[in-house]
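Morning, everyone. Please put the sequence and the 3D view side by side, and I will walk you through a few places.

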Amino acid sequence: MTTAATIATIDVSSLRRTSVPSNAPPAPLRWSVADVAALYELPFMDLLFQAQQVHRAHFDASEVQLSTLLSIKTGGCAEDCGYCPQAASADSGVEATKLMPLNEVMAAAQAARDQGATRFCMGAAWRSPKERDMDCVTEMVRGVRSLGLETCMTLGMLQASQAQALKDAGLDYYNHNLDSAPEFYGSVITTRTYQDRLDTLGHVRQAGINVCCGGIVGMGESRLERAGLIAQLANLEPYPESVPINNLVPVPGTPLADTPLLDPFEFVRTIAVARITMPLAMVRLSAGREQMDESQQALCLLAGANSIFYGDKLLTTSNPQADRDRQLFDRLGIKAQGARPAAHPAP
Ligand code: SF4
C-alpha cells in the first residue's frame, strides 16, 4: 500500500516560471502529498468551513461561471483512456465523426452565448492535432472569439508550434488534464505518459495561454492518490487558472464501466481541497454532475466550486438540462458570472 511518505511527486520543474535562473535550486513544492492528505482527513465541517473562507476571500460566493462544451470531433480516438467512451478501443457505441464544419461550431457557440455561457470549450477526440487540422481549429477560435466568448480548446497533446498557433489565433484557455496521481495513472492510460501531459502543459504555458487542467476521481484510486493528483495540480508553477474536477461516469463498454461509485462526500471533499490549495483557480464541477442530486451540487458550490459545464452535452455524456440548472441557481440565490478577462493566479 502506498503511504504519504512514499508517494512520489513527478518533476514539474519544466513548468516553473522562466524568470528563475536555470542554475537556481528548484523552489520547494508548495503542497506535499502528506499536507493535501491531511486536508482530506479533516472533519467534513471543518474542511468545508476552511474552503468557504478561502473561497470568500477571493470570489463572490454567490457567483458561478458557466462554460459550454462542444465536441467538434467525436470518437475513434487512438488513446486508451480507460474512462473514455471515445477511445477507439472502447465498445461504447460512440460513432466516430469528422471535424465539425466552422458554421456548425459558430451556431453552437451563438446558442451557448444566448443561454448565458461566457466560455465556449471545443473538444476533439485526438491523440494530438495534425498539421492539416490547425487552420480549421484556429479559424474556430477566431470565430468564437468574435462573438465575445472566452475560448477554450482540448485537442490532445500539442507541440510548441501548435500551442503558439492557437495563441496567435487568440485562444484563451487550453484544457489538458493530468487525470490522476502519477502512481495511479498507468492503470488507466497506457498510450501516453504523465510526462507527455506535463510537456503539453509546458508548451501551453510557454505560449502564454491560460491553463485548464484537472482530473477525474472515482476511478478506483485511493484517497492518498486523490491527494497526489491535487498536489500535482497545486504545485504547477503557476497552478492552473481553471481546474475541472470530474466524477467518473462509468460508461458501459469502457474498461472502468464496473467501477463502484465514489462516496458523494468524498467528491465534495475533493472540491474543498482543490479550493484550499488553489485559491484563485476557477474550480469547475464537470463530468458526473448529472449523477449528483441537487443537494450534492449545492455542497460542491459551498465547498468552493465556482464554475460548471452548462448545456445539453458534455462531450459524449449527458449534462443536466440548462433549465434545471437555472432553477437550482434561483433556489440557491446563485447568479451567473459575467464575462471577464482571465486573471493569472499568483502562487
Ligand atoms: S479522454 Fe481524450 S485522449 Fe483519452 S481516449 Fe478520450 S478522447 Fe481520446
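Let's start with R197. R197 is buried, because 21 other C-beta atoms lie within 10 Å of its own. Here is the rule: a residue is buried with 20 or more other C-beta atoms within 10 Å, exposed with 12 or fewer, and partly exposed in between, with C-beta atoms placed from the backbone.

Two words on the source. This is a predicted model, where local features need pLDDT of at least 70, side-chain atom pairs count only at pLDDT 80 or more, and totals for chains, interfaces and linings use all residues. Residues are numbered from 1 along each chain as its sequence is written.

Back to R197. R197 sits in helix α7. Helices here are DSSP runs of H or I with at least four residues, strands are runs of E with at least two, and both are numbered from the N terminus. Which residues touch R197, leaving aside its neighbours within four places in sequence? They are H176 and L178. By contact I mean that the two C-beta atoms, placed from the backbone, lie within 7 Å. Now look at M157. It is 40 residues from R197 along the chain, and their C-alpha atoms are separated by 7.0 Å.

Several α7 residues are buried, including L198, L201, H203 and V204. What covers the buried residues of α7? The cover includes α5 (160–169), β4 and β5 (210–212). After α7 comes G208, with a positive phi near 90°.

Another positive phi belongs to D179. Its phi is near 75°, and D179 is not a glycine. You will find D179 in the loop between β4 (173–175) and α6 (182–185). Buried or exposed, this D179? Buried, because it has 25 C-beta neighbours inside 10 Å.

Now a cis peptide bond. It runs from E237 to P238, with omega near -5°. P238 is in the loop between α8 (223–234) and β7 (242–247). Another proline, P260, lies in the loop between β7 and α9. P260 is exposed, because 9 other C-beta atoms lie within 10 Å. P260 and G220 are 40 residues apart along the chain, with C-alpha atoms separated by 7.5 Å.

On to a helix pair. Helix α2 (residues 44–58) packs with helix α9 (residues 264–277) at an angle of about 35°. Their axes are 9 Å apart. Axes are lines fitted to C-alpha atoms, for helices over the stretch in contact, and angles run from 0 to 180 degrees between N-to-C directions. The crossing of α2 past α9 is left-handed. That means the near helix is turned anticlockwise from the far one by less than a right angle; clockwise would be right-handed. From α2, the residues that meet α9 include F44, L47, L48 and V54. On the α9 side, F265, A272 and I276 are among them. The contact divides into eight nonpolar, two polar and two charged residues. Nonpolar covers Ala, Val, Leu, Ile, Met, Phe, Trp, Tyr, Cys and Pro; charged covers Asp, Glu, Lys and Arg; the others, Gly among them, are polar.

A272 leads us to L299. The two are 27 residues apart in sequence and 9.7 Å apart in space, C-alpha to C-alpha. L299 lies in helix α10 (residues 294–302). L299 counts as buried because it has 21 C-beta neighbours inside 10 Å.

Then F329, in helix α11 (residues 322–332). F329 counts as partly exposed, because it has 18 C-beta neighbours inside 10 Å. F329 and S62 are 267 residues apart along the chain, yet their C-alpha atoms are separated by 9.2 Å.

Which residues are around the ligand? They are C77, E79, C81, C84, Q86, A87, A125 and G156. A residue is near a molecule or strand if its C-beta atom, placed from the backbone, lies within 6 Å of it. This shell has five nonpolar, two polar and one charged residues.

Last, the overall picture. The protein has 11 helices and 12 strands. Of its 347 residues, 48% are buried. Among contacts between residues at least 6 apart in sequence, 81% join residues at least 24 apart.
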